[in-house]
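Trainee: Could we go through this structure together, one question at a time, so that I can learn how to read it?

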Amino acid sequence: MVAVAILAAGRGTRMKSRLPKVLHQLGGRSLLERVLGCAAGVQPSRVLVIVGYGSELVKESLADVPGVEFVEQREQLGTGHAVQQIIPHLQGFSGDLLVLNGDVPLLRPETLDSLLQSHRNHQNAATILTAQLPDAKGYGRVFCDGQNLVTQIIEDRDCTPAQRQNRRVNAGIYCFQWSALAEVLPKLQSNNDQQEYYLTDVVSYFDPVMAVDVQDYQEILGINDRKQLAGAYDILQTRVKDSWMRAGVTIVDPDSVTIDDAVQLEPDVVIEPQTHLRGQTVIRAGSRIGPGSLIENSEIGEAATVLFSVVTDSIVNTGSRIGPYAHLRGHVQVGERCRIGNFVELKNSTLGDRTNVAHLSYLGDATLGEQVNIGAGTITANYDGVKKHRTEIGDRTKTGSNSVLVAPITIGADVTIAAGSTITEDVPEDSLVIARARQVVKQGWKIKSKQAE
Ligand code: UD1
Ligand code: CA
(Lines give C-alpha, C1' and ligand atoms only; values in the text may rest on other atoms or scores of the structure.)
(Ligands and ions follow the chains in the order given, each with its own letter.)
Protein backbone atom coordinates (compact mmCIF):
# COMPACT_ATOMS: atom_id res chain seq x y z
CA MET A 1 0.00 0.00 0.00
CA VAL A 2 1.22 3.45 -0.78
CA ALA A 3 0.03 6.88 0.34
CA VAL A 4 1.11 10.17 -1.17
CA ALA A 5 1.70 13.45 0.66
CA ILE A 6 2.17 16.63 -1.37
CA LEU A 7 3.76 19.67 0.27
CA ALA A 8 1.78 22.70 -0.84
CA ALA A 9 1.61 24.99 2.19
CA GLY A 10 4.37 27.45 1.34
CA ARG A 11 3.67 30.89 -0.05
CA GLY A 12 6.52 30.74 -2.54
CA THR A 13 7.97 34.11 -1.60
CA ARG A 14 10.29 34.17 -4.60
CA MET A 15 7.29 34.18 -6.98
CA LYS A 16 6.46 37.70 -5.68
CA SER A 17 2.77 36.87 -6.03
CA ARG A 18 -0.39 36.92 -3.95
CA LEU A 19 -1.35 33.60 -5.50
CA PRO A 20 0.05 30.58 -3.65
CA LYS A 21 2.98 29.24 -5.66
CA VAL A 22 1.46 25.83 -6.33
CA LEU A 23 -1.54 27.48 -8.05
CA HIS A 24 0.54 29.17 -10.72
CA GLN A 25 -0.36 27.80 -14.14
CA LEU A 26 1.97 25.77 -16.28
CA GLY A 27 0.54 24.95 -19.73
CA GLY A 28 -3.11 25.07 -18.67
CA ARG A 29 -2.78 23.27 -15.33
CA SER A 30 -1.52 24.43 -11.95
CA LEU A 31 1.78 23.15 -10.56
CA LEU A 32 -0.21 21.25 -7.93
CA GLU A 33 -2.54 19.64 -10.49
CA ARG A 34 0.52 18.45 -12.37
CA VAL A 35 2.08 16.93 -9.26
CA LEU A 36 -1.24 15.27 -8.40
CA GLY A 37 -1.48 13.93 -11.96
CA CYS A 38 1.95 12.36 -11.59
CA ALA A 39 1.06 10.87 -8.19
CA ALA A 40 -2.09 9.29 -9.62
CA GLY A 41 0.22 7.11 -11.75
CA VAL A 42 1.18 4.97 -8.73
CA GLN A 43 -2.48 4.46 -7.77
CA PRO A 44 -2.09 5.54 -4.15
CA SER A 45 -4.65 4.43 -1.57
CA ARG A 46 -4.53 7.87 0.10
CA VAL A 47 -3.59 11.33 -1.22
CA LEU A 48 -2.91 14.04 1.35
CA VAL A 49 -2.24 17.63 0.32
CA ILE A 50 -0.64 19.81 2.99
CA VAL A 51 -2.04 23.32 2.71
CA GLY A 52 -1.29 26.55 4.56
CA TYR A 53 -0.76 29.82 2.72
CA GLY A 54 -3.94 30.55 0.73
CA SER A 55 -5.38 27.20 1.83
CA GLU A 56 -8.94 28.14 0.82
CA LEU A 57 -7.83 28.93 -2.72
CA VAL A 58 -5.80 25.75 -2.94
CA LYS A 59 -8.70 23.61 -1.73
CA GLU A 60 -11.09 25.32 -4.11
CA SER A 61 -8.78 24.66 -7.04
CA LEU A 62 -9.01 20.92 -6.36
CA ALA A 63 -12.73 20.83 -5.59
CA ASP A 64 -13.33 18.59 -8.62
CA VAL A 65 -10.55 16.13 -7.85
CA PRO A 66 -11.98 13.16 -5.96
CA GLY A 67 -10.25 11.50 -3.04
CA VAL A 68 -7.92 14.30 -1.95
CA GLU A 69 -7.55 14.87 1.81
CA PHE A 70 -6.37 18.27 2.98
CA VAL A 71 -4.13 18.70 5.99
CA GLU A 72 -3.59 22.17 7.46
CA GLN A 73 -0.14 23.43 8.32
CA ARG A 74 -1.02 26.69 10.07
CA GLU A 75 2.48 28.06 10.30
CA GLN A 76 5.01 27.24 7.63
CA LEU A 77 7.95 26.12 9.73
CA GLY A 78 9.62 23.99 7.06
CA THR A 79 9.19 20.84 5.01
CA GLY A 80 9.79 18.59 8.04
CA HIS A 81 7.15 20.45 10.02
CA ALA A 82 4.76 20.10 7.06
CA VAL A 83 5.09 16.31 7.07
CA GLN A 84 4.70 16.23 10.88
CA GLN A 85 1.15 17.52 10.35
CA ILE A 86 0.04 14.29 8.72
CA ILE A 87 0.91 12.07 11.70
CA PRO A 88 -2.62 12.16 13.18
CA HIS A 89 -4.11 11.49 9.73
CA LEU A 90 -2.08 8.37 8.99
CA GLN A 91 -2.50 6.66 12.38
CA GLY A 92 -2.41 2.93 11.81
CA PHE A 93 -1.31 3.21 8.17
CA SER A 94 1.31 0.55 7.56
CA GLY A 95 2.46 1.06 3.95
CA ASP A 96 4.94 3.34 2.22
CA LEU A 97 4.60 7.11 1.95
CA LEU A 98 5.70 9.05 -1.10
CA VAL A 99 6.40 12.69 -0.28
CA LEU A 100 6.37 15.11 -3.20
CA ASN A 101 7.19 18.80 -3.20
CA GLY A 102 4.24 20.64 -4.73
CA ASP A 103 6.59 22.77 -6.84
CA VAL A 104 8.22 19.97 -8.89
CA PRO A 105 5.77 19.69 -11.80
CA LEU A 106 7.80 18.00 -14.55
CA LEU A 107 8.21 14.63 -12.85
CA ARG A 108 7.07 11.65 -14.94
CA PRO A 109 4.83 8.99 -13.36
CA GLU A 110 7.27 6.26 -14.51
CA THR A 111 10.02 7.90 -12.46
CA LEU A 112 7.87 7.90 -9.35
CA ASP A 113 6.98 4.27 -9.97
CA SER A 114 10.60 3.22 -10.34
CA LEU A 115 11.50 5.11 -7.14
CA LEU A 116 8.83 3.11 -5.34
CA GLN A 117 10.08 -0.16 -6.86
CA SER A 118 13.71 0.50 -5.82
CA HIS A 119 12.51 1.38 -2.33
CA ARG A 120 10.65 -1.91 -2.06
CA ASN A 121 13.26 -4.11 -3.76
CA HIS A 122 15.99 -2.91 -1.40
CA GLN A 123 13.72 -2.73 1.62
CA ASN A 124 15.02 0.74 2.41
CA ALA A 125 13.77 2.80 5.31
CA ALA A 126 13.89 5.76 2.93
CA THR A 127 14.70 6.26 -0.74
CA ILE A 128 15.43 9.68 -2.17
CA LEU A 129 15.23 10.83 -5.76
CA THR A 130 18.38 12.67 -6.76
CA ALA A 131 19.88 14.18 -9.89
CA GLN A 132 23.19 15.47 -11.16
CA LEU A 133 22.41 19.05 -12.10
CA PRO A 134 24.53 21.24 -14.36
CA ASP A 135 23.60 24.15 -12.08
CA ALA A 136 22.79 22.93 -8.58
CA LYS A 137 22.29 26.39 -7.08
CA GLY A 138 19.43 26.53 -4.57
CA TYR A 139 19.08 22.76 -4.14
CA GLY A 140 19.95 20.60 -1.15
CA ARG A 141 23.15 18.63 -1.84
CA VAL A 142 23.07 14.87 -1.29
CA PHE A 143 26.19 13.16 0.09
CA CYS A 144 26.51 9.39 -0.39
CA ASP A 145 28.95 6.61 0.26
CA GLY A 146 30.09 4.36 -2.62
CA GLN A 147 26.85 2.31 -2.57
CA ASN A 148 24.50 5.26 -3.15
CA LEU A 149 23.64 5.19 0.53
CA VAL A 150 22.92 8.69 1.77
CA THR A 151 24.96 10.03 4.64
CA GLN A 152 23.70 13.62 4.70
CA ILE A 153 21.60 16.21 2.85
CA ILE A 154 22.73 19.81 3.29
CA GLU A 155 20.73 22.77 2.03
CA ASP A 156 22.51 25.08 -0.41
CA ARG A 157 22.54 27.93 2.11
CA ASP A 158 23.98 25.69 4.85
CA CYS A 159 26.79 24.27 2.65
CA THR A 160 30.47 25.17 2.93
CA PRO A 161 31.98 26.33 -0.39
CA ALA A 162 33.55 22.88 -0.76
CA GLN A 163 30.23 21.07 -0.13
CA ARG A 164 28.56 23.33 -2.67
CA GLN A 165 30.77 21.79 -5.39
CA ASN A 166 28.70 18.60 -5.11
CA ARG A 167 26.26 18.63 -8.02
CA ARG A 168 24.13 15.74 -6.77
CA VAL A 169 20.93 17.32 -5.54
CA ASN A 170 17.80 16.36 -3.64
CA ALA A 171 14.78 16.40 -5.96
CA GLY A 172 12.31 16.88 -3.12
CA ILE A 173 10.73 13.49 -3.95
CA TYR A 174 11.02 10.77 -1.33
CA CYS A 175 9.72 7.35 -0.40
CA PHE A 176 9.52 6.37 3.29
CA GLN A 177 8.38 3.42 5.31
CA TRP A 178 5.62 5.35 7.03
CA SER A 179 5.84 3.74 10.48
CA ALA A 180 9.58 4.47 10.65
CA LEU A 181 9.12 8.06 9.46
CA ALA A 182 6.33 8.72 11.97
CA GLU A 183 8.71 7.80 14.79
CA VAL A 184 11.50 10.03 13.55
CA LEU A 185 9.56 13.18 12.59
CA PRO A 186 9.07 14.46 16.16
CA LYS A 187 12.84 14.41 16.68
CA LEU A 188 13.63 17.04 14.02
CA GLN A 189 15.49 20.18 15.13
CA SER A 190 15.51 23.61 13.52
CA ASN A 191 19.16 24.53 14.03
CA ASN A 192 19.95 25.74 10.51
CA ASP A 193 20.25 29.00 8.58
CA GLN A 194 16.46 29.33 8.14
CA GLN A 195 15.47 28.08 11.62
CA GLU A 196 13.15 25.61 9.91
CA TYR A 197 12.38 21.95 10.44
CA TYR A 198 13.90 20.27 7.40
CA LEU A 199 12.42 17.00 6.17
CA THR A 200 15.85 16.22 4.74
CA ASP A 201 17.28 15.89 8.28
CA VAL A 202 15.40 12.60 8.79
CA VAL A 203 18.14 10.80 6.85
CA SER A 204 20.45 10.90 9.85
CA TYR A 205 17.96 8.74 11.81
CA PHE A 206 17.51 6.07 9.16
CA ASP A 207 19.57 3.20 7.86
CA PRO A 208 19.78 2.54 4.99
CA VAL A 209 18.67 5.58 3.01
CA MET A 210 19.24 5.10 -0.67
CA ALA A 211 19.65 7.74 -3.37
CA VAL A 212 18.29 6.98 -6.84
CA ASP A 213 19.38 9.25 -9.69
CA VAL A 214 16.74 10.31 -12.18
CA GLN A 215 17.82 9.77 -15.80
CA ASP A 216 16.51 13.04 -17.18
CA TYR A 217 17.44 15.76 -14.70
CA GLN A 218 14.89 18.16 -16.20
CA GLU A 219 12.12 16.16 -14.52
CA ILE A 220 13.11 17.31 -11.07
CA LEU A 221 13.56 21.02 -11.65
CA GLY A 222 11.72 22.91 -8.90
CA ILE A 223 9.78 26.11 -9.50
CA ASN A 224 10.73 28.89 -7.12
CA ASP A 225 10.43 32.00 -9.30
CA ARG A 226 8.84 33.18 -12.55
CA LYS A 227 11.96 32.55 -14.57
CA GLN A 228 11.99 28.90 -13.52
CA LEU A 229 8.26 28.76 -14.34
CA ALA A 230 8.95 29.93 -17.89
CA GLY A 231 11.88 27.51 -18.12
CA ALA A 232 9.61 24.63 -17.09
CA TYR A 233 7.06 25.63 -19.74
CA ASP A 234 9.79 25.53 -22.32
CA ILE A 235 10.84 22.03 -21.24
CA LEU A 236 7.23 20.84 -21.26
CA GLN A 237 6.66 22.28 -24.74
CA THR A 238 9.80 20.66 -26.09
CA ARG A 239 8.65 17.31 -24.67
CA VAL A 240 5.18 17.64 -26.19
CA LYS A 241 6.30 18.89 -29.61
CA ASP A 242 9.13 16.36 -29.92
CA SER A 243 6.75 13.52 -29.21
CA TRP A 244 4.20 14.74 -31.80
CA MET A 245 6.92 15.13 -34.42
CA ARG A 246 8.05 11.56 -33.70
CA ALA A 247 4.40 10.50 -34.14
CA GLY A 248 4.20 11.93 -37.67
CA VAL A 249 3.09 15.54 -37.19
CA THR A 250 4.87 18.32 -39.10
CA ILE A 251 5.53 21.39 -36.98
CA VAL A 252 6.98 23.94 -39.37
CA ASP A 253 8.49 26.27 -36.77
CA PRO A 254 8.32 24.61 -33.34
CA ASP A 255 9.62 27.67 -31.49
CA SER A 256 6.59 29.74 -32.52
CA VAL A 257 4.00 27.05 -31.70
CA THR A 258 2.53 26.03 -28.32
CA ILE A 259 0.64 22.79 -27.71
CA ASP A 260 -1.04 21.90 -24.40
CA ASP A 261 -0.32 18.38 -23.25
CA ALA A 262 -3.97 17.23 -23.46
CA VAL A 263 -4.08 18.00 -27.20
CA GLN A 264 -4.29 15.03 -29.60
CA LEU A 265 -2.88 15.11 -33.12
CA GLU A 266 -3.00 12.52 -35.90
CA PRO A 267 -0.32 11.70 -38.48
CA ASP A 268 0.22 14.14 -41.36
CA VAL A 269 -1.23 17.05 -39.48
CA VAL A 270 0.74 20.18 -40.39
CA ILE A 271 1.07 22.90 -37.78
CA GLU A 272 2.12 26.16 -39.39
CA PRO A 273 3.95 28.93 -37.47
CA GLN A 274 2.34 31.09 -34.76
CA THR A 275 -0.29 28.51 -33.92
CA HIS A 276 -1.51 27.62 -30.43
CA LEU A 277 -3.43 24.46 -29.59
CA ARG A 278 -5.05 24.42 -26.16
CA GLY A 279 -7.18 22.34 -23.84
CA GLN A 280 -8.93 19.18 -25.04
CA THR A 281 -8.28 19.78 -28.74
CA VAL A 282 -8.15 17.01 -31.37
CA ILE A 283 -6.81 17.54 -34.90
CA ARG A 284 -7.46 14.70 -37.33
CA ALA A 285 -5.16 13.33 -40.03
CA GLY A 286 -4.00 15.55 -42.86
CA SER A 287 -5.32 18.85 -41.53
CA ARG A 288 -3.32 22.04 -41.81
CA ILE A 289 -3.60 24.49 -38.95
CA GLY A 290 -2.18 28.01 -39.20
CA PRO A 291 -0.28 30.12 -39.72
CA GLY A 292 -1.61 32.31 -36.95
CA SER A 293 -4.40 30.22 -35.43
CA LEU A 294 -5.67 29.50 -31.92
CA ILE A 295 -7.69 26.32 -31.38
CA GLU A 296 -9.08 25.62 -27.92
CA ASN A 297 -11.21 22.67 -26.74
CA SER A 298 -12.18 21.89 -30.32
CA GLU A 299 -12.11 19.05 -32.81
CA ILE A 300 -10.91 19.60 -36.36
CA GLY A 301 -11.76 16.75 -38.77
CA GLU A 302 -9.56 15.20 -41.46
CA ALA A 303 -8.04 17.27 -44.25
CA ALA A 304 -9.43 20.55 -42.96
CA THR A 305 -7.61 23.88 -42.96
CA VAL A 306 -7.71 26.67 -40.40
CA LEU A 307 -5.90 29.82 -41.52
CA PHE A 308 -5.39 32.88 -39.27
CA SER A 309 -8.46 32.00 -37.22
CA VAL A 310 -9.71 31.40 -33.67
CA VAL A 311 -11.78 28.28 -32.93
CA THR A 312 -13.00 27.58 -29.39
CA ASP A 313 -15.34 24.89 -28.03
CA SER A 314 -16.34 23.83 -31.56
CA ILE A 315 -16.27 21.00 -34.10
CA VAL A 316 -15.15 21.34 -37.72
CA ASN A 317 -15.75 18.28 -39.90
CA THR A 318 -13.75 16.68 -42.72
CA GLY A 319 -12.45 18.85 -45.54
CA SER A 320 -13.80 22.18 -44.33
CA ARG A 321 -11.82 25.37 -44.81
CA ILE A 322 -11.83 27.99 -42.08
CA GLY A 323 -10.43 31.51 -42.50
CA PRO A 324 -8.58 33.65 -42.99
CA TYR A 325 -9.86 35.69 -40.05
CA ALA A 326 -12.79 33.62 -38.88
CA HIS A 327 -13.95 33.23 -35.27
CA LEU A 328 -15.88 30.12 -34.18
CA ARG A 329 -16.99 29.99 -30.57
CA GLY A 330 -19.61 28.64 -28.18
CA HIS A 331 -20.37 25.17 -29.59
CA VAL A 332 -20.29 25.64 -33.32
CA GLN A 333 -20.55 22.54 -35.52
CA VAL A 334 -19.39 22.91 -39.10
CA GLY A 335 -20.30 20.05 -41.46
CA GLU A 336 -18.09 18.45 -44.10
CA ARG A 337 -16.54 20.45 -46.94
CA CYS A 338 -17.85 23.81 -45.77
CA ARG A 339 -16.12 27.13 -46.30
CA ILE A 340 -16.09 29.71 -43.53
CA GLY A 341 -14.30 32.70 -44.91
CA ASN A 342 -12.97 36.13 -44.20
CA PHE A 343 -14.29 38.05 -41.19
CA VAL A 344 -17.00 35.57 -40.28
CA GLU A 345 -18.09 35.00 -36.69
CA LEU A 346 -20.08 31.88 -35.83
CA LYS A 347 -21.52 31.34 -32.35
CA ASN A 348 -23.53 28.36 -31.09
CA SER A 349 -24.55 27.38 -34.62
CA THR A 350 -24.76 24.17 -36.63
CA LEU A 351 -23.96 24.07 -40.36
CA GLY A 352 -24.79 21.13 -42.65
CA ASP A 353 -22.34 19.70 -45.21
CA ARG A 354 -21.10 21.89 -48.07
CA THR A 355 -22.58 25.06 -46.63
CA ASN A 356 -20.61 28.27 -47.23
CA VAL A 357 -20.37 31.44 -45.20
CA ALA A 358 -17.67 33.11 -47.19
CA HIS A 359 -17.47 36.76 -46.17
CA LEU A 360 -18.31 39.32 -43.46
CA SER A 361 -21.10 37.54 -41.56
CA TYR A 362 -22.32 36.94 -38.03
CA LEU A 363 -24.38 33.82 -37.40
CA GLY A 364 -25.43 33.22 -33.79
CA ASP A 365 -27.83 30.55 -32.47
CA ALA A 366 -28.53 29.36 -36.02
CA THR A 367 -29.13 25.96 -37.61
CA LEU A 368 -28.28 25.73 -41.31
CA GLY A 369 -29.00 22.78 -43.58
CA GLU A 370 -26.77 21.42 -46.35
CA GLN A 371 -25.43 23.41 -49.30
CA VAL A 372 -26.68 26.68 -47.92
CA ASN A 373 -24.97 29.76 -49.29
CA ILE A 374 -24.79 32.70 -46.94
CA GLY A 375 -24.16 35.91 -48.90
CA ALA A 376 -21.59 38.47 -47.83
CA GLY A 377 -22.67 40.56 -44.87
CA THR A 378 -25.57 38.34 -43.77
CA ILE A 379 -26.34 38.83 -40.07
CA THR A 380 -28.59 36.96 -37.67
CA ALA A 381 -30.20 39.47 -35.32
CA ASN A 382 -30.42 36.90 -32.53
CA TYR A 383 -30.70 39.17 -29.49
CA ASP A 384 -33.71 41.32 -28.67
CA GLY A 385 -32.03 43.00 -25.72
CA VAL A 386 -33.33 40.42 -23.26
CA LYS A 387 -33.16 36.95 -24.82
CA LYS A 388 -31.30 35.12 -27.57
CA HIS A 389 -33.46 33.56 -30.32
CA ARG A 390 -32.79 30.90 -32.95
CA THR A 391 -32.62 31.10 -36.72
CA GLU A 392 -33.35 28.04 -38.89
CA ILE A 393 -32.32 27.90 -42.55
CA GLY A 394 -33.25 24.97 -44.84
CA ASP A 395 -31.09 23.10 -47.39
CA ARG A 396 -29.83 24.90 -50.52
CA THR A 397 -31.18 28.28 -49.42
CA LYS A 398 -29.24 31.37 -50.51
CA THR A 399 -29.20 34.62 -48.59
CA GLY A 400 -28.43 37.75 -50.60
CA SER A 401 -25.68 40.13 -49.56
CA ASN A 402 -26.49 42.24 -46.51
CA SER A 403 -29.50 40.19 -45.40
CA VAL A 404 -30.65 40.64 -41.81
CA LEU A 405 -32.47 37.65 -40.34
CA VAL A 406 -34.41 38.78 -37.27
CA ALA A 407 -34.80 35.80 -34.93
CA PRO A 408 -36.76 33.83 -33.97
CA ILE A 409 -37.21 32.92 -37.60
CA THR A 410 -37.47 29.87 -39.85
CA ILE A 411 -36.50 30.00 -43.50
CA GLY A 412 -37.40 26.93 -45.55
CA ALA A 413 -35.35 24.94 -48.07
CA ASP A 414 -34.57 26.27 -51.57
CA VAL A 415 -35.34 29.86 -50.64
CA THR A 416 -33.64 32.84 -52.23
CA ILE A 417 -33.44 36.00 -50.15
CA ALA A 418 -32.92 39.18 -52.14
CA ALA A 419 -29.90 41.29 -51.26
CA GLY A 420 -30.43 43.91 -48.57
CA SER A 421 -33.54 42.26 -47.15
CA THR A 422 -34.54 42.43 -43.49
CA ILE A 423 -36.50 39.24 -42.85
CA THR A 424 -38.83 39.33 -39.87
CA GLU A 425 -41.37 36.63 -40.77
CA ASP A 426 -40.94 32.93 -41.59
CA VAL A 427 -40.40 32.07 -45.26
CA PRO A 428 -41.80 28.82 -46.78
CA GLU A 429 -39.68 26.54 -48.99
CA ASP A 430 -39.16 27.13 -52.73
CA SER A 431 -39.72 30.87 -52.61
CA LEU A 432 -38.06 34.15 -53.36
CA VAL A 433 -38.33 36.74 -50.64
CA ILE A 434 -37.66 40.44 -51.02
CA ALA A 435 -38.00 42.63 -47.96
CA ARG A 436 -36.63 46.02 -48.74
CA ALA A 437 -37.93 49.33 -50.02
CA ARG A 438 -38.48 49.24 -53.77
CA GLN A 439 -36.00 51.35 -55.70
CA VAL A 440 -37.50 54.64 -56.89
CA VAL A 441 -35.95 56.54 -59.81
CA LYS A 442 -37.14 60.10 -60.56
CA GLN A 443 -35.88 61.09 -63.94
CA GLY A 444 -34.90 64.70 -64.60
CA TRP A 445 -35.06 65.55 -60.87
CA LYS A 446 -32.94 68.47 -59.56
CA ILE A 447 -32.39 70.00 -56.08
CA LYS A 448 -34.88 72.88 -55.57
CA SER A 449 -32.26 75.56 -54.91
CA LYS A 450 -30.59 74.61 -58.15
CA GLN A 451 -33.94 74.89 -60.00
CA ALA A 452 -34.27 78.46 -58.64
CA GLU A 453 -31.00 79.65 -60.22
C1 UD1 B 1 13.52 21.77 -0.87
C2 UD1 B 1 14.50 20.82 -0.17
C3 UD1 B 1 15.81 20.77 -0.97
C4 UD1 B 1 15.51 20.30 -2.38
C5 UD1 B 1 14.42 21.17 -3.04
C6 UD1 B 1 13.99 20.53 -4.33
C7 UD1 B 1 14.08 20.90 2.23
C8 UD1 B 1 14.56 21.42 3.54
N9 UD1 B 1 14.79 21.27 1.17
O10 UD1 B 1 14.10 23.07 -0.84
O11 UD1 B 1 16.73 19.87 -0.35
O12 UD1 B 1 16.70 20.30 -3.15
O13 UD1 B 1 13.27 21.30 -2.20
O14 UD1 B 1 13.10 21.33 -5.05
O15 UD1 B 1 13.13 20.17 2.18
N16 UD1 B 1 6.38 23.70 2.06
C17 UD1 B 1 5.36 23.47 2.93
N18 UD1 B 1 5.46 23.91 4.22
C19 UD1 B 1 6.57 24.57 4.67
C20 UD1 B 1 7.63 24.79 3.77
C21 UD1 B 1 7.52 24.35 2.46
O22 UD1 B 1 4.34 22.87 2.57
O23 UD1 B 1 6.60 24.93 5.84
C24 UD1 B 1 6.24 23.23 0.66
C25 UD1 B 1 6.28 24.35 -0.35
O26 UD1 B 1 4.98 24.82 -0.62
C27 UD1 B 1 6.89 23.66 -1.56
C28 UD1 B 1 7.74 22.56 -0.98
O29 UD1 B 1 7.32 22.38 0.36
O30 UD1 B 1 5.92 23.10 -2.41
C31 UD1 B 1 9.25 22.88 -1.01
O32 UD1 B 1 9.48 24.09 -0.29
P33 UD1 B 1 10.58 25.12 -0.73
O34 UD1 B 1 10.60 26.22 0.26
O35 UD1 B 1 10.42 25.47 -2.14
O36 UD1 B 1 11.90 24.24 -0.54
P37 UD1 B 1 13.31 24.44 -1.25
O38 UD1 B 1 14.04 25.55 -0.59
O39 UD1 B 1 13.14 24.51 -2.70
CA1 CA C 1 11.40 24.59 -4.07
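Mentor: Let us begin with strand 24 (residues 321–322), which is joined to strand 27 (residues 339–347) by two bridges, the two strands running parallel. Please keep in mind throughout that this is a predicted model.

Trainee: Which residue in strand 27 is the bridge partner of arginine 321?

Mentor: Strand 24 covers residues 321–322 and is joined to strand 27, so we look for the partner among residues 339–347. In strand 27, the residue that bridges to arginine 321 is arginine 339.

Trainee: How many bridges hold strand 25 and strand 27 together, and which residue stands opposite lysine 347?

Mentor: Strand 25 consists of residues 326–329, and its pairing with strand 27 is in the parallel sense, over four bridges. Lysine 347 belongs to strand 27, and the residue that stands opposite this lysine is arginine 329.

Trainee: Strand 27 also pairs with strand 29; which residue of strand 29 is the bridge partner of glutamate 345?

Mentor: Strand 29 takes in residues 356–364, and with strand 27 it forms a parallel pairing over seven bridges. Within strand 29, the partner of glutamate 345 is tyrosine 362.

Trainee: Which strands are the edge strands of the open sheet of nine strands?

Mentor: The order of this open sheet is 14-17-20-23-26-28-30-33-36, and its pairing is parallel.

Trainee: Where strand 14 meets strand 17, which residue is the bridge partner of leucine 265?

Mentor: Strand 14 and strand 17 (residues 282–283) run parallel and are joined by two bridges. In strand 17, the bridge partner of leucine 265 is isoleucine 283.

Trainee: What share of the exposed area of ligand 1 does the protein bury?

Mentor: Among the polar contacts, a polar side-chain atom of threonine 79 lies 2.7 Å from an oxygen atom of ligand 1, and a backbone N or O atom of glycine 10 lies 2.9 Å from an oxygen atom of the ligand. Taken alone, ligand 1 exposes 760 Å², and the share of this that the protein buries is 90%.

Trainee: Which element gives the most residues to the shell around ligand 1?

Mentor: The shell residues divide into nine nonpolar, 11 polar and four charged. With three residues in the shell, the element that gives the most is strand 10.

Trainee: How much space lies in the second largest pocket?

Mentor: By class, the lining of this pocket has seven nonpolar, one polar and six charged residues. The space in the second largest pocket is about 230 Å³.

Technical notes: Residues are numbered from 1 along each chain as its sequence is written. Chains are lettered from A and ligands numbered from 1 in the order in which they are written. This is a predicted model: local features need pLDDT of at least 70, side-chain atom pairs count only at pLDDT 80 or more; totals for chains, interfaces and linings use all residues. Side-chain values use heavy atoms; hydrogens and water are left out. Two strands pair if DSSP finds at least two bridges between them. On a 1 Å grid over the protein atoms alone, a cavity is a set of points where a 1.4 Å probe fits but cannot get out, and a pocket is an open set with protein on both sides within 12 Å along at least five of seven lines; lining residues have an atom within 4 Å of a point. Grid points are joined across faces, edges and corners, and a volume is the space filled by probe spheres set on the points. Ala, Val, Leu, Ile, Met, Phe, Trp, Tyr, Cys and Pro count as nonpolar, Asp, Glu, Lys and Arg as charged, and the others, Gly among them, as polar. A polar contact is a pair of N or O atoms within 3.5 Å; within protein, one must be able to donate a hydrogen and the other to accept it, and residues adjacent in sequence count only if both atoms are side-chain atoms. Accessible areas come from the Shrake-Rupley method with a 1.4 Å probe; for residues, only the protein chains shown count as cover.
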